[in-house]
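I opened my notebook for a first look at a new structure. Come along as I look things up one by one.

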Amino acid sequence: MIRARPHVIISLGITRRSFGRLKPSIYTLLHRKDLLALAVLILITVMVRIPGVFNRAIWYDEAITLLETAGNANPTWSAHPTPAATQKELLVGSPTFAEVAAGLRETDVHPPVFYWMMSAWRQAAGESIESARFFSVFWSTATVIVLFLLLRASDFSRPFWPCLVFSLSSGAVHYGHEARNYALGMFFIIFASFFAYLLINFEFKSEIQNWIFALIISILCGLAFQTNYLAIFPISAILAWCLVSSPKSLRLPVIVTIVFSIIISLVGYSTLIVQLGARPHQFQKTLGILQELKKIINLNFEILWNPV
């Protein structure tokens, strides 16, 4: 029997599943040294994002975020030369969730979850672009923490280093201080991966806990899709892995997880259909499904190796 060491401070009351056999230990999730590593990661993650919060000029997409979360997705601009300061009032407002969703349906191609949360954040934390960017700093930092927990749960020997690489990667830093939906979408994806790993690899004390974790996974996958439509690719990979890797005892909860994820993702289906045809002139032509997939794969490889 593997005994928890005295310096263990956080543990899960579950046992590790290993090809149908259970190890009789209580699996330890965090030690004190892990808290120190996490503290350093959090400090580094926040520090490298702070300069971008304050020193970058607002750009087009961020201005759209502020307009849409202020309830002015389709603003009425002055027809005459006007000082920019007099138009700043269009970036401030307290719309309802229904008004935000309506603005997205009419003017944008993105789902509503990020904009709902950002609208509430701005009303509570302030209306400035810096305040909006801190929303992404928060979720980007939370993503690093969850990634650390995922690696630690998988017995990765030194989770600090891959988490540091992710924290400092050009894409994570850039999207981690930008008032857009990417940092929040990544958080939902990594969090769903964490719960999926626990569901497949650990045995809970009661059957109801399996169903609770399955429900959490489906909610997180659905929220990821409702934050950014391109999340369909990683959440499909997560759900496919759950289906292939799950033992027979978990097959039904996993199937229900997939069904619920699809149901949550299809909430507002009519809006998605409208948005898919909203910008027919943005691209030169339809490439075809195989060429589209090839282009997406190539773009992802470019993101791995090229600065943003």
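Predicted model: local features only at pLDDT ≥ 70, side-chain atom pairs only at ≥ 80, totals over all residues.

At what angle do the axes of helix α9 and helix α11 cross? I found that the axes of α9 (residues 182–201) and α11 (residues 232–245) cross at roughly 0° and come within 10 Å. Here axes are lines fitted to C-alpha atoms, for helices over the stretch in contact, and angles run from 0 to 180 degrees between N-to-C directions.

Residues are numbered from 1 along each chain as its sequence is written, and side-chain values use heavy atoms, with hydrogens and water left out.

Next I listed who meets whom, taking contact as heavy atoms within 4.5 Å. From α9 come I189, A192, S193, A196, Y197, I200 and N201, and from α11 come P234, I235, I238, W241, C242 and S245. The residues of this contact divide into ten nonpolar, three polar and no charged.

Then I stepped back to the whole chain. I noted 14 helices and five strands; these are DSSP runs (helices H or I, at least four residues; strands E, at least two), numbered from the N terminus. Of the 308 residues, 42% count as buried, meaning under 20% relative accessible area with a 1.4 Å probe, protein chains only (exposed is over 50%, partly exposed in between).

I looked at helix α13 (residues 269–276) and saw that T271, L272 and Q275 are buried. Seen down the axis of α13, the buried residues fall within an arc of 100°, so they line one face of the helix; the arc is that of the directions from the helix axis to the C-beta atoms. Their cover includes α4 (97–107) and α10 (207–225).

How many disulfides does the structure hold? I found zero, with a disulfide being a pair of cysteine sulfur atoms within 2.5 Å. For C221, the nearest cysteine sulfur is that of C242, 7.5 Å away. C221 is buried at 0% relative accessibility.

Last, I visited N228, in the loop between α10 and α11. N228 is buried, at 13% relative accessible area.

Methods: Nonpolar A, V, L, I, M, F, W, Y, C, P; charged D, E, K, R; others polar.
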